[in-house]
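Hi,

Here is the structure I promised to pass on.

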Amino acid sequence: MSELTRILHDTAQGDSSAARRLLPLVYDELRQLAARKMTRESGTQTLQPTALVHEAWLRLGGDEQPTWENRTHFFCAAAEAMRRILIDRARSKQARRHGGGQQRLDVDEVEIAAPMQEDELLAVNEALDRFSQHAPQKAELVKLRYFAGFGIKEAGQVLGISEPTAVRWWTYSKTWLYQAIQETRGPAKG
Amino acid sequence: MNGHDQNSEETIFSAALHYTPAERAVYLDQACAGDPALRQRIEELLKAQPQVGEFLENPAAIGTPGAPGTIRLTVPPEERPGTRIGRYKLLQKIGEGGCGVVYMAEQEEPVRRRVALKVIKLGMDTKSVIARFEAERQALAMMDHPNIAKVLDGGATETGRPYFVMELVRGTRITEFCDQNRLPTRERLDLFIQVCQAVQHAHQKGIIHRDLKPSNILVTLHDPGAPGVPMIIDFGIAKATQGRLTDQTLFTAFEQFLGTPAYMSPEQAMITALDIDTRSDIYSLGVLLYELLTGRTPFDAKELLAAGFEEMRRTIREKEPLRPSTRLSTLLAAEQTTAASFRQTEPPKLVHLVRGDLDWIVMKCLEKDRARRYETANALAMDLQRHLKNEPVVARPPSRLYEFQKTVRRHKVAFAAAAAVMIVLAAGVLVSSREAARARRAELQTRHTGYVADMDLANRALDEGDLGTAQALLRRYWPRPHEADLRNWEWRYLANLSDGDRHASLITHSASVSSLRFLDDDTLLTAATADWLTVLWNLKERRPSSIITNRDFGGGFSEVMAVAPKRSAMFYRGAWSYTSGIKAVDLQRGTEGDLLDAKAAVKSLDISLDQKVLAVASANRVNLWDLDRKTWLQSFETEASAVTQGLFSPDGNLLVVADESGQVAFWNVAEHRKIGVFTRTYAQDWFSMLRFSADGRWLVNPGGKSPTQIWSAEDRTLVAELRDSAFIERAAFSADGRWLATIGGDATIRLWETAGWQKTRTFRGHTDLITAVDFSPNGHFLASGARNGEVKVWSMTEPPTAPERVSFPAAAFFQLAGDGSGFGRIPMPAWSNDVASWTAEAWTATPLQRTFTVALPGPPSSGAVLGGGRGLVLGGYDGSIRIFGPVVGNETVVSNAHKAEVYIMDASLDGSTLATKGMRGPVMPEGRVRIWRLPGLEPIAELPHAGNVHGVKLSDDGKLLAGFTGPGDVGVWEIPSMKGPPMWRGVAALQRVQVCAFSPDNRWLAAATPEDGGAFLWDLATHRRTVLPRALTMYNSLSFSPDGSRLAAGSEGESKLFDTATGQTVLSFKQHGLKLAFGRDGERLLAVHSEGAYVFHALSFEKLQFHWLKEKPSQEAPPYLGPDPDYERPDRPSPARDR
């Protein structure tokens, strides 16, 4: 029995600490996968989060794990792990950009394409924290879609909801997050 | 926002989305009854919902930079001090930017020096970065300016990242330097002018920086107290690291969007930034000047970034920045004081100093329309110098019309914003018609850009003989309903070429065409190697009249070698390795006769003039077979080696026997007497079949890779050797003996004129190697067959589609008629006993032929040509003017038109007017230009005070005269009232204008200054000036298309076609264009240089065939004939079948 299977088993038994133990396992695996891919493929192709997550799932034992519910746990943990990896990268990049510890760079020195997405990523992350207090299940849907790259149908399956519901949730969550981000940005933008 | 049950919030929101706005209010009244906070919350969400768009739809990812929705993993740089990159050792990191990391490095070989080494960040296509750098390397090496840091080297690191090595500059950014040293405005301008001059130098070498900004302009102090020296770094690096969109990567989305938003020109902010030119740098210089004057950039970089990507691009493209003085006065008081103190002055004085000239100079650089910016960095520098000297500046406050246009543009932004709000409110129901118009314009612009690029690609495809690709590209612009027709001269020119030469396709065989014979003018016999089909074509009806299967020889190859139309028979041989026989086939019935056993492999067959005797070459002899009596007649043996061919002379009196040793023996058949021998110098191979010309004068010996030889049949001497880049396998003479067609090496047929044995035409249209060729007896058609089985019939009577060409010995002088209908040339004189005899020739363009030649008393000093090559006007060193026409002796001479040498001359296209200028003595020019009425040469007017006029050009109608004076000046006067100043005057550049052209309607004037390769276009009505791209190293000639929409410009090595409205290059010719002129029918362009002339044809739409434009094959398309369904394996010979 792999460690993953054991943890998943524990989760299914209602061990609340099991979910917390699941995350670092998935996180480390995903990080290693991403780093290996990056060095091997040196930026020649995009690493799709979906692919990463599924690869991590397979590496950690795959469908050996018994039930749907365990899969749900795993993928939600993977989505959360992906979120942390991406946010860490974005933060460190932004910190470098804003002079955190390293040589200061001017705004006009920074290329345009990437920071936009980093900013978006961090803003989404922040709003998502609030959203998960407001609507935790729907926040899981966002993590699966945005950070783990799942399709709407797949994400619905993981969460055990029908496709139309997933679509409805998704529209609502996007709007909620968009509006929340706009609200915080509003005054600064003038 | 919290406190509500999220489920009810979601449920109400989702439900509300399904209602119309009006229904929504009612629904929400019900659903949120008693809960105003929930109602407000839902309304916020509903309002935000339409804007959500693609938000969150692209998953965050790790990977490729620039791809949508991706985040890059930051890989720590692997280089660090001490690392070696190539022959450089990194010493310390001295900077880091968006583009890469800069190190101070030490070079040890070949000289020991410190350099700056910039490692470009990961994620770029290293190969293409380096390729682009290599492409520009030579140009970069030519830059030598004290204010430009030289780029020394470039390459790839071991980890595959591109790097560049530059002269090491230790300095401070120009903006910081100015502020730190509290430089007053005047000194800032001095520094800035040096920067402009450096940029000008680079532009003259053809290098555009593309990324000018303070961090790339460093100021160094050589000595304390000495003025700072600005150094521009990174020249050529932006170009190398940015994808060049014009070439292969045409419609790939824009890749790395480097650049700095605050310094980026509007055209760089376009997604389809196809043609960044020097004026983009001018824009960036304007931003720098703005910042040096005010301490701010026109648009704030942070705001640009914060607004989002699309909005940022739109701002740069559309929003008018505040004038520098206005910007200063809108700063907060504290900021104003800081800005002023950095410039050692007080705020009101600073605003006053900047207002006016400096405002206009800056704003001229920042024009959205680059045609309105300064043309050159030098012009900008000079205007600043004028300002410093209190002279009037070129930059002007805008006119009212201009202000109005700007208002419209400003409102367009406001309107767009308003429209956006409306769309949100009305949920996309309402679309503004103005918005739609704008979208249409933008669409048109995009299409036009695509059009220009596609024409270039089509042109390249045609260069490579790839007609299919060119046709596909051209087909894109066939206008659909409600679509603007972008096609112009270049499209017709390329379409004409894509059509190939005029031909009909008779696609038939499923194997290589081995034989082609015209039986008469309307009947063509074709046969292929491996499909065993012989087809008789009725050319009038373009359909086969008879199809014959020859399968008796079974094994692989069979070749029809002789045809006897009178006997209605053809003779073919089997493959050498299988049989040794000859078969006759009845052309009417397709029945085969008996096998004639030649006892050995048959090398060739030929039929006598009376079609009674067959010459069969095999082993070491040629045997004659009597077809009527079915008996062997004589035998003609070779000396020693195997025979390769036996053929009758056209009159049937001689038999030529060739062997593998290269000996070609001539036999008198009747007397069985060898009358002579010659030895082939080159090819004696099997492929090299000799062929007689119809009159029996010449024998052609295809040379393969070696020269093809023409032998005289009469005395067996070598007449000519034809050298060609292509392999020549077969050749055929036309019946009239005028042409020799050669084939074999490629998909073209080359035609040689036997008069001078020059290759003068090439037929393009096949897509595979050509294997057979024959002329029709009347000489109107040429048939060709190719390896892919295609058979084509070409018209010999229609003009060629490829540029027509004549070559001649170098001329001393040549001149072109303004309508491209003809030209005149003065060949180099013939010398005898130290006396030169001079002649002049007049030529017409279509066809390219000489109309007359006249003897001249001496060398002419200037000349002009009348339309159609009707006549020549020549000026003499003695001050005379002579008009020559085709009738010899009928000349008009004015012997004392000028006191001495007539050194300037131009004739109007309509032949009505002549302008001349002469010398007063050996050194001094006259002070006037004289205008004459043609053809009588009556003086009608004079342009007085024209001492400094060094060139003239008459408009087509002879009503306007352009005179080139001083540096860069062009003046236009009306004829004959030429007193006083010119009615129009323009300044082109600092260099002397040398060539000039009026558009036929006198609306446009184009002028060029060959020395610095600049060309300008004025709209004489509005005075709007367009600068043409430096697409040519020199502009030696200019000519407008009849409707003025295109301008052709030529130089020694190449010629280009520009879109008059936009200044874009729409076509490039590889041919010389020292003198160019458009034909007034809009169909041709004539280009003449010292040793030749070309005519480029752009047939009118009516004349173009467009057979390839038709989606489906037409009804007349010939049937596809092979392979035969009854086909049986050839290696199992089946009994002959009657058909």
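Let's start with chain B, where buried residues make up 44% of the 1139 residues. Buried here means that 20 or more other C-beta atoms lie within 10 Å of a residue's own, exposed means 12 or fewer, and partly exposed is in between, with C-beta atoms placed from the backbone.

Before you read on: this is a predicted model, so local features need pLDDT of at least 70, side-chain atom pairs count only at pLDDT 80 or more, and totals for chains, interfaces and linings use all residues. Residues are numbered from 1 along each chain as its sequence is written, while chains are lettered from A and ligands numbered from 1 in the order in which they are written.

**The two chains**

Chain B has 19 helices and 68 strands. Both kinds of element are DSSP runs numbered from the N terminus, with helices being H or I of at least four residues and strands being E of at least two. In chain B, residues 24 or more positions apart account for 50% of the contacts with a separation of 6 or more. A contact means that the C-beta atoms of two residues, placed from the backbone, lie within 7 Å.

Chain A comes to 8 helices and 0 strands, and buried residues make up 37% of its 190 residues. Of the contacts in chain A with a separation of 6 or more, 66% are between residues 24 or more positions apart.

**The core**

The largest nonpolar core has 103 residues, and those with the most contacts inside it are Leu494(B), Cys996(B), Ala1006(B) and Leu1086(B). Such a core is a set of buried Ala, Val, Leu, Ile, Met, Phe, Trp, Tyr and Cys residues joined through C-beta atoms within 7 Å. Helix H17 of chain B (residues 433-463) supplies the largest share of this core, 7 residues. Not counting residues up to four places away in sequence, Ala1006(B) touches several residues, among them Cys996(B), Phe1016(B) and Leu1047(B).

**Two helix pairs**

In chain B, the axes of H18 (residues 467-475) and H19 (residues 489-498) come within 9 Å and cross at roughly 145°. Axes are lines fitted to C-alpha atoms, for helices over the stretch in contact, and angles run from 0 to 180 degrees between N-to-C directions. The crossing of H18(B) and H19(B) is left-handed; that is the term if the near helix is turned anticlockwise from the far one by less than a right angle, with right-handed for clockwise. Leu467(B), Ala470(B), Gln471(B) and Leu474(B) in H18(B) meet Trp491(B), Leu494(B), Ala495(B) and Ser498(B) in H19(B). By class, that contact has 6 nonpolar, 2 polar and no charged residues. Ala, Val, Leu, Ile, Met, Phe, Trp, Tyr, Cys and Pro count as nonpolar, Asp, Glu, Lys and Arg as charged, and the others, Gly among them, as polar.

The other pair is H6(B) (residues 185-204) and H8(B) (residues 278-294), whose axes come within 11 Å and cross at roughly 170°. The two are therefore roughly antiparallel to each other, a label for angles over 145 degrees, while under 35 is roughly parallel, 65 to 115 roughly perpendicular and the rest oblique. The crossing of H6(B) and H8(B) is right-handed, and their contact has 8 nonpolar, 3 polar and 2 charged residues.

Ala202(B) is also found in helix H6 of chain B. It counts as buried because it has 24 C-beta neighbours inside 10 Å. Its C-alpha atom is separated by 8.4 Å from that of Leu140(B), 62 residues apart along the chain.

Most residues other than glycine have a negative phi, and most peptide bonds are trans. Here are some to check on your screen:

- A cis peptide bond joins Ile975(B) and Pro976(B), with omega about 5°. Pro976(B) is in the loop between strands S56 (969-974) and S57 (984-987) of chain B.
- Asp234(B) has a positive phi, near 70°. This residue lies in the loop between strand S11 (229-232) and helix H7 (237-241) of chain B, and counts as buried with 24 C-beta neighbours inside 10 Å.
- Gln611(B) has a positive phi of about 60°, and sits in the loop between strands S21 (602-607) and S22 (613-618) of chain B. Gln611(B) counts as partly exposed, with 17 C-beta neighbours inside 10 Å.

Cheers
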